[in-house]
Amino acid sequence: MIFFRNRMIEKSREPFHVIIKPTGPVCNLVCKYCYYLDKKSLYPDKKSFRMSAHTLEEITKQYIHSQPEGIQEIQFAWQGGEPTLLGVDFFKKAVALQKKYAPKEVKISNTFQTNGILLNDKWGRFFHDESFLVGISIDGPEDLHNRFRYNSRGEGSFKQVMKGLEILKKNDVEFNTLTVVNSVNGNKPRQVYDFLKEIGSTFFQFIPIVERSDSGAITKETVGPRQWGRFLQTVFDCWLSSDIGHIFIQRFDVCLGLYMGLPSSLCVFSETCGRAAALEHNGDLYSCDHFVFKENYLGNIKKQSLASLMDSPQQKKFGNDKKAALPKKCRQCHYLSLCNGGCPANRFIKKTGEKYSLNYLCEGYKLFFRHSLPYFRAMAQSLAYGSLAKDYKMFLDSKKAPGRNTNTKT
């Protein structure tokens, strides 16, 4: 029996996920588009952002035992800032605590997002031995990656990242790549796609960067709506031509699942949200990784139970507001069931006659959905008939499929 403040740990009503940031916003890079570096301002008197042993044990214990009955796997997601700044021994302790508190029938898994700069063989052996899935942040070939991802001296990080990636390969660590799509590499989708294949990645994540200045103006690093749509279109065409079943792209996997009637595994496309919170280094819990603001502060897990914070009226309202605050244009949209208005963090476009704001990336998503819809439908049919997704052509209505330009200049 596990107790929290002298009482048994209560369980949440539904499964939930927590992104754990054991170094808070501290990082060894100063990426130009990073939205998290300025979170230091939430802790103006803080000198150290290292998660304490007590906080680590508290989140481990509560995260495991607050999940509802019957859950079979619990995933710990480590992000930052840059989590490798804590050293390997911190995460050895984390794994030991997971083994201490996890019931025998529950599988514990770990994901770890890193810029790769501090990786060495000690890290590689640890990740391999403990079966970590490691995400490497890389924005494409050297000229594209170094445009915005550099250190405090203004030096590009590409060569160091590639050394880190080789460490993972050498130690047979499972990895995927996370590429931030910005105003520069957003014009080079084919170049980015080919590069990711070349370095041996088989699972791609593409994250559109949407940032605004204090005045509300779009930053120069932000990807444009149509630029984002065209990027997805070209990447989709590259994937469709030869890589279905060999390369896995997170957003495409989610879209295919939606066409098959499955719920979205990505909060961006879910009808509601609020079940993926962010935990800061000191135990502070926030509604979402993209909403680490004072108004989205839920409480501290050392003072209130994790389950009570996740099931609180404040968090429930936060999650339901995604659907409740949909603009009329979204409710009438042909693609509503696919995007559900997108991430609330990007809903700031005001339109006359609309009470609620539209998603900044709306136009881009429409371009992509319109382009890919016939193919995803055909793939879904193929799978339903027991065939493979790559056999989609048997079920494709060529009259409804848009022409694909595989020679698009990028």
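This report describes the sheet, some helices and a few single residues of a predicted model.

Residues are numbered from 1 along each chain as its sequence is written, and side-chain values use heavy atoms, with hydrogens and water left out. In this predicted model, local features need pLDDT of at least 70 and side-chain atom pairs count only at pLDDT 80 or more, while totals for chains, interfaces and linings use all residues.

**The sheet**

Helices (H or I, at least four residues) and strands (E, at least two) are DSSP runs, numbered from the N terminus. Two strands count as paired if DSSP finds at least two bridges between them. An open sheet is formed by 10 strands in the order 9-8-7-6-5-4-3-10-11-12, with mixed pairing. Strand 9 (248-249) and strand 12 (297-300) stand at the edges; each has a single partner strand, so one side of each is left without a neighbour in the sheet. Strands of a sheet pair through backbone hydrogen bonds, either parallel or antiparallel.

Two of the pairings can be set out in a table.

| Strands | Direction | Bridges | A bridge pair |
|---|---|---|---|
| Strand 5 (residues 107-114) and strand 6 | parallel | 4 bridges | Thr-114 with Ile-136 in strand 6 |
| Strand 10 (residues 276-279) and strand 11 (residues 284-286) | antiparallel | 2 bridges | Leu-279 with Leu-285 in strand 11 |

Buried means under 20% relative accessible area, exposed over 50%, and partly exposed in between (1.4 Å probe, protein chains only). Strand 6 (residues 133-137) is mostly covered, with 4 of its 5 residues buried. Ala-77 belongs to strand 4 (residues 73-78) and is buried, its relative accessible area being 4%. Contact means heavy atoms within 4.5 Å. Apart from neighbours within four places in sequence, Ala-77 touches His-17, Val-18, Ile-19, Ile-20 and Thr-111. His-17 and Ala-77 are 60 residues apart in sequence, yet their C-alpha atoms are 8.4 Å apart in space.

**Helices**

Axes are lines fitted to C-alpha atoms, for helices over the stretch in contact, and angles run from 0 to 180 degrees between N-to-C directions. Helix 7 (residues 225-242) lies across strand 7 (175-181), strand 8 (203-208) and strand 9, at about 170 degrees to strand 8. Helix 8 (residues 250-259) lies across strand 8 and strand 9, at about 95 degrees to strand 8.

The loop between helix 7 and strand 9 holds Asp-243. Asp-243 is buried at 7% relative accessibility.

Helix 1 (residues 53-65) and helix 2 (residues 88-101) pack with their axes 9 Å apart, at an angle of about 35 degrees. On the helix 1 side, the residues in contact include Leu-56, Thr-60 and Ile-64, and those of helix 2 include Phe-90, Ala-94 and Leu-97.

**Cysteines**

A disulfide is a pair of cysteine sulfur atoms within 2.5 Å. By this rule the model has 0 disulfides. The cysteine sulfur closest to that of Cys-255 is in Cys-339, at 9.7 Å, which is too far for a bond. For Cys-339, the closest cysteine sulfur is in Cys-330, at 6.2 Å, again too far for a bond. Cys-255 is buried at 1% relative accessibility, and Cys-339 is buried with a relative accessible area of 14%.
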